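I kept a notebook open while going through this one. Here are the entries, in the order in which I looked things up.

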Amino acid sequence: MVLSAADKSNVKACWGKIGSHAGEYGAEALERTFCSFPTTKTYFPHFDLSHGSAQVKAHGQKVADALTQAVAHGQKVADALTQAVAHMDDLPTAMSALSDLHAYKLRVDPVNFKFLSHCLLVTLACHHPAEFTPAVHASLDKFFSAVSTVLTSKYR
Amino acid sequence: MGFLSAEEKGLVNGLWGKVNVDEVGGEALGRLLVVYPWTQRFFQSFGDLSSADAIMSNSKVKAHGKKVLNSFSDGLKNIDDLKGAFAKLSELHCDKLHVDPENFRLLGNVLVCVLAHHFGHDFNPQVQAAFQKVVAGVANALAHKYH
């Protein structure tokens, strides 16, 4: 799977339109991922996103803290993607440190990259309907897939 | 609790009531063929699929998309027995059409993207989660009779 010149151009243009909302969208995509694919929450026990906990401390600091952490993490993911967009010609080199992190420390099962990628697409579709044409949808899906491949490339 | 909670059924039916099934069907099938071009293997007789524009405006794609989504819509009326509702179609897709069930999962996710595209903020995380359950259920029901 290779990103064509058109794909790169589509992704750059779309990401450019997103601008300063990237962090917000990263957080929303994470929230959607946790909601639709609850098994993904297992990677964030320290966020304490469990439904029970939220109910017990309905409007408490704990929930606020968990949400703040999720939002901060969403920003982190978005920033990494912004870096990836700027270096689409050589993702393996640009993302080498993150590849190492995911392979040796985080070890997130590869299936989860598909869930997050899908929720990133859904988030962008919601917020930027004009940009989310079929061709751009395809380019974004390829781009997220390429990033996911790089992040899992050193797993074994 | 059946397949979906009462609240999830409410969310799904609430949104589905506002969907133009014919149009969304064509859009979803078109995007499937654009985003995952290998799915075009099932539609060799559909004519011009050479570009995103050609695919999205192809009348056979629109007609077939309409057919598929109307069938999905009928299935939603039997949400607590999707396997029963889609038993015959499952046999057809295995024995006659020879469609790898992975394609049902791909189409389901494309449909979710199309709904997000149409409904924007109304397609919030809770609504999405309910629909993810539905498309997964339909995909599994369509794969159920495979052998």
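**Entry 1: a threonine to start from**

Which residues does A:Thr123 touch, not counting residues up to four places away in sequence? I looked this up with one caution in mind, that the model is a predicted one. The list I got for A:Thr123 is A:Tyr25, A:Glu28, A:Ala29 and A:Arg32. A:Thr123 itself sits in helix 7 of chain A. I then checked its accessibility: the relative value is 0%, so A:Thr123 counts as buried, the cut-off being under 20%.

**Entry 2: the pair beside the threonine**

Two names from that list, A:Glu28 and A:Arg32, turned up again when I went through the salt bridges. A:Arg32 forms a salt bridge with A:Glu28, and their closest N and O atoms are 3.0 Å apart. Both residues belong to helix 2 of chain A, where they are four residues apart, about one turn of the helix.

How many salt bridges does a search of the whole structure find? The search over all chains returns eleven. Besides the pair above, I wrote down two.

The side chains of A:Asp7 and A:Lys142 meet in a salt bridge, at 2.7 Å from N to O. This pair links distant parts of the chain: A:Asp7 is in helix 1 (residues 5-18) of chain A and A:Lys142 is in helix 8 of chain A, 135 residues apart. A:Asp7 is at 7% relative accessibility and therefore counts as buried. A:Lys142, with a relative accessible area of 22%, is partly exposed.

In chain B I picked B:Asp74, which forms a salt bridge with B:Lys77; the closest N and O atoms are 3.3 Å apart. B:Asp74 is partly exposed at 42% relative accessibility, whereas B:Lys77 is exposed at 67%.

**Entry 3: a phenylalanine in chain B**

Next I looked up B:Phe131, which lies in helix 8 (residues 125-143) of chain B. Its relative accessible area is 1%, so I filed B:Phe131 under buried. Leaving out residues up to four places away in sequence, B:Phe131 touches B:Val12, B:Leu15, B:Trp16, B:Leu115 and B:Phe123. I also took a distance back to the aspartate of the last entry: B:Phe131 and B:Asp74 are 57 residues apart in sequence and 15 Å apart in space, C-alpha to C-alpha.

I stepped back to the folds. Chain A has eight helices and zero strands, and chain B also has eight helices and zero strands. Of the 156 residues in chain A, 43% are buried; of the 147 residues in chain B, 50% are buried.

For contacts with a separation of 6 or more, I noted the share from residues 24 or more positions apart. That share is 78% in chain A and 74% in chain B.

Does the size of chain B agree or disagree with a compact globule? With 147 residues, such a globule would have a radius of gyration near 15 Å, and chain B has 15 Å, so the two agree. Along the principal axes, the C-alpha atoms of chain B fill a box of roughly 45 × 40 × 20 Å.

**Entry 4: where the chains meet**

Last came the interface. I found 20 residues of chain A in contact with 20 residues of chain B. The two chains bury about 1,800 Å² between them, with 63% of it on carbon and sulfur atoms. Across this interface the rule finds zero salt bridges, while ten residue pairs are in polar contact, both residues at pLDDT 80 or more.

Which elements give two or more residues to the side of chain A that touches chain B? They are helix 2 (22-36), helix 7 (111-127) and helix 8 (134-151) of chain A. Helix 7 of chain A gives the most, with seven residues. By type, the residues on that side of chain A divide into twelve nonpolar, five polar and three charged.

Key:
Residues numbered from 1 in each chain as written. Chains lettered and ligands numbered in written order. Predicted model: local features only at pLDDT ≥ 70, side-chain atom pairs only at ≥ 80, totals over all residues. Heavy atoms only, no water. Contact = heavy atoms within 4.5 Å. Buried area = accessible area lost by both parts, 1.4 Å probe. Salt bridge = Lys/Arg side-chain N within 4 Å of Asp/Glu carboxyl O. Polar contact = N/O pair within 3.5 Å; in protein donor to acceptor, adjacent residues only side chain to side chain. Nonpolar A, V, L, I, M, F, W, Y, C, P; charged D, E, K, R; others polar. Rg over C-alpha atoms; globule rule 2.2 N^0.38 Å. Buried < 20%, exposed > 50% of the residue type's maximum accessible area, 1.4 Å probe, protein only.
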